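Try each task before you read its solution.

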Amino acid sequence: MFRINDTILYGLNGACKIIDITKREVGGCIAEYYVLQPIFSNASTIFVPISNENLTSRMRQVLSAEEIHELIQSMPREESVWIEDEGRRREVYKEILSNGDRRELIRLIKALHLHQQDLQRIGRRLHMSDERFLKDAERLLYDEFALVLRIKPDQVLPFILKQINSAQEHEIA
């Protein structure tokens, strides 16, 4: 059970704050709802029925700063999840975005970045659906990292790169 003022991740909406828990009448039935306000977007307020397990299962606790630093350190070792078959790739990437597993998001981002670099070398671009998957995965991961690390979302990628480079320099020394 979540409480008012908890900060959580909610599906593709990313980081949200629970601003209220309220009762509402919908279709003649009174139900209790979490009222969520997205933190890094001006999206509408989100009402999540407490009794709907499918929707409440999309609400996840944010990671700690230590867990984020561990994830960042593991990024270079993570295998990418590029899938040649476009239909299968869409299916798998949708599932990864839906589940919100951070390691899988990192693997997805890594795969799409590497594929994007390969395509750029031959003068091509990512498919539109792959671009959307990349932007959604980055937004989910970067919003959470920004929230926990108390930085702006656009500072997350430079922060990650700095941490990885610093760790690699220590390994070499």
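**Exercise 1: the cavity lining**

Helix H4 (102–121) and helix H5 (128–149) each give at least two residues to the lining of the largest cavity. Helices here are DSSP runs of H or I, at least four residues, and strands are runs of E, at least two, numbered from the N terminus. This is a predicted model, where local features need pLDDT of at least 70, side-chain atom pairs count only at pLDDT 80 or more, and totals for linings use all residues. Residues are numbered from 1 along each chain, and side-chain values use heavy atoms, with hydrogens and water left out.

Task: find which helix supplies the largest share of the lining.

Solution. 
- Step one: list the lining, which is Leu9, Gly14, Arg60, Gly100, Arg102, Leu105, Leu140, Leu141 and Glu144 (on a 1 Å grid, a cavity is a set of points where a 1.4 Å probe fits but cannot get out; lining residues have an atom within 4 Å of a point).
- Step two: pick out the share of H5, three residues, and that's the largest.

**Exercise 2: the length of H4**

Task: work out what span the 20 residues of H4 should have at 1.5 Å a residue.

Solution. 
- Step one: take 1.5 Å times one less than the number of residues.
- Step three: look at the ends. After H4 comes glycine 123, with a positive phi near 75°.

Key. On a 1 Å grid over the protein atoms alone, a cavity is a set of points where a 1.4 Å probe fits but cannot get out, and a pocket is an open set with protein on both sides within 12 Å along at least five of seven lines; lining residues have an atom within 4 Å of a point.
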